[in-house]
Amino acid sequence: MTARPCRSVLYIPGSKERALEKARGLATDGIIFDLEDAVAPEEKPAARKLLAQVLTDWDFGRRMRIVRINGFDTEWGRADADAMDEAIARGARIDAILVPKVNRAADLDAVADAVPGADLWAMMETCAGMLNAAEIAAHPRLKGMVMGTNDLAKELNSRFRPDRLPMQTGLGLCLLAGRAHGVTLIDGVYNAFKDEDGLRFECEQGRDMGFDGKTLIHPAQLDIANAAFAPSEAELTLARRQIAAFDEVMAQGGGVAVVDGKIVENLHIVTARATLAKADAIAAMAE
Ligand SMILES: CC(C)(COP(=O)(O)OP(=O)(O)OC[C@H]1O[C@@H](n2cnc3c(N)ncnc32)[C@H](O)[C@@H]1OP(=O)(O)O)[C@@H](O)C(=O)NCCC(=O)NCCSC(=O)C[C@H](O)C(=O)O
Ligand SMILES: [Mg+2]
C-alpha cells in the first residue's frame, strides 16, 4: 500500500489542450499525459511539443504527473523520451515516464538511460509482460505498474466479462510481483465511461484484489474511483479501535487483542496504521 494517494489516475490525450487545462481543476490523484494510443500518428509531434510546454509552465498542484511515451520500437518513442528529458532539464516536474507494452525488464533500460530524472512506470498489458512481472517489478528504476486490460484482452483473445475472470491470472501475477518489490499498482480502465454501476463494481473488485487505484478515461469516473479506493469511515473506525485495543493488551504484557470477535495481532496493526496514513494523505490532497 502506498502512502501517496493514487486512487484515480486519469488519462488525458496529450493532443487535447482543452482537456489538459480542465485537469488542473479535477479531483484526480494522478494524470497520465498520453502520447501513445490516445493520440493519432499525425498529431504525435505536436502533442509531444504541447506536453513539454504544459509540464514546464502549468501548475498541476499535488497531482502525480506521469507521461506515457510511445514504445522505443516505434518511430516516436525516442523523440518522446528526449523531449521529456529536455523538459525536466528546463524545470518541468515529471514524476514518472510510463513505458507501454513492457515485455521484459530489459525493455526499460533504454528509457531509464534516456530520462534519468524521472521514475519509470510500466504498462503491464502483454502476455509476455505478465509472465515476466517479477523481473520487471525488480527493475531498480521501476516505481509503478499500470494494467493495460484492453491490450491484454486483445492478446488473450478473451471476452470482456464483469468478473474479469480471463484477466485474473495476469492481474494476480502483477499484484504479487509489485507488492514483493514495493511498486505502486494501478488497475486498468473501464471503457464504458457512462456506466456508473459497472465502473463501481470494477473499482470495488480492483480494491478487493489489492490495487492502489484505477486508471480512468473520463472526468465523470473520478468520484466513483476516489470513493472506492479510499478507506471508508467504517474501516477508519475499526483501525482506530484495533490500535487502541492492541495498545491496551500490549500494556498488560499480551500480544493478541480481540475486536468484534476477531483476533488482532501486530500484523493487523501495521495494516491499521497504513489505513490511517492513507486517509491523512488523501486529506492532504484536498488542502
Ligand atoms: C472518451 C472521450 C473521447 C470522450 O470525450 P468527449 O466526448 O469530449 O467527452 P465529454 O464531451 O463528455 O467531455 C466533457 C468534458 O470533459 C473533458 N474531458 C473529457 N475527457 C477528458 C479527460 N480524459 N481528461 C480531462 N478532461 C476530459 C472534455 O474536454 C469536456 O470539457 P469541457 O469542454 O470543459 O466541457 C474522452 O474522454 C477521451 O479522449 N478520454 C481519454 C481516452 C484515452 O486517453 N485513451 C487512452 C487511454 S486508455 C488505454 O490506452 C488503456 C491501456 O493502454 C489498455 O491497453 O487498456
Ligand atoms: Mg494499451
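Residues are numbered from 1 along each chain as its sequence is written, while chains are lettered from A and ligands numbered from 1 in the order in which they are written. As the model is predicted, local features need pLDDT of at least 70 and side-chain atom pairs count only at pLDDT 80 or more, whereas totals for chains, interfaces and linings use all residues.

The protein chain is divided into domain 1 (8-228) and domain 2 (233-285), with bounds that come from an automatic or database domain assignment. The centres of the two domains, taken over C-alpha atoms, are separated by 33 Å. An unreviewed UniProt entry lists residues 7-219 as "domain: HpcH/HpaI aldolase/citrate lyase"; UniProt positions are given in the numbering used here, feature names are shortened, and annotations may be inferred rather than shown by experiment. That span is 40% helix and 19% strand, and its end C-alpha atoms lie 13 Å apart. Helices (H or I, at least four residues) and strands (E, at least two) are DSSP runs, numbered from the N terminus.

Around ligand 1 there are 23 residues, of which Tyr-11, Ala-38, Gly-148, Asn-150 and Asp-151 come nearest; a residue is near a molecule if its C-beta atom, placed from the backbone, lies within 6 Å of it. At least two residues of this shell are supplied by each of strand 1 (8-13), helix 1 (17-23) and helix 7 (149-156).

Glu-125 lies in the loop between strand 5 and helix 5 (127-131) and is buried, with 24 other C-beta atoms within 10 Å, whereas Asp-151 counts as partly exposed, with 19 C-beta neighbours inside 10 Å. In these terms, buried requires 20 or more other C-beta atoms within 10 Å of the residue's own, exposed 12 or fewer, and partly exposed lies in between, with C-beta atoms placed from the backbone. Leaving aside neighbours within four places in sequence, Asp-151 is in contact (C-beta atoms, placed from the backbone, within 7 Å) with Lys-101, Glu-125 and Thr-126.

Val-115, in the loop between helix 4 (109-114) and strand 5 (119-124), is buried, with 26 other C-beta atoms within 10 Å. Val-115 and Asp-85 are 30 residues apart in sequence but 5.1 Å apart in space, C-alpha to C-alpha.

Definitions and conventions:
Contact = placed C-beta atoms within 7 Å.
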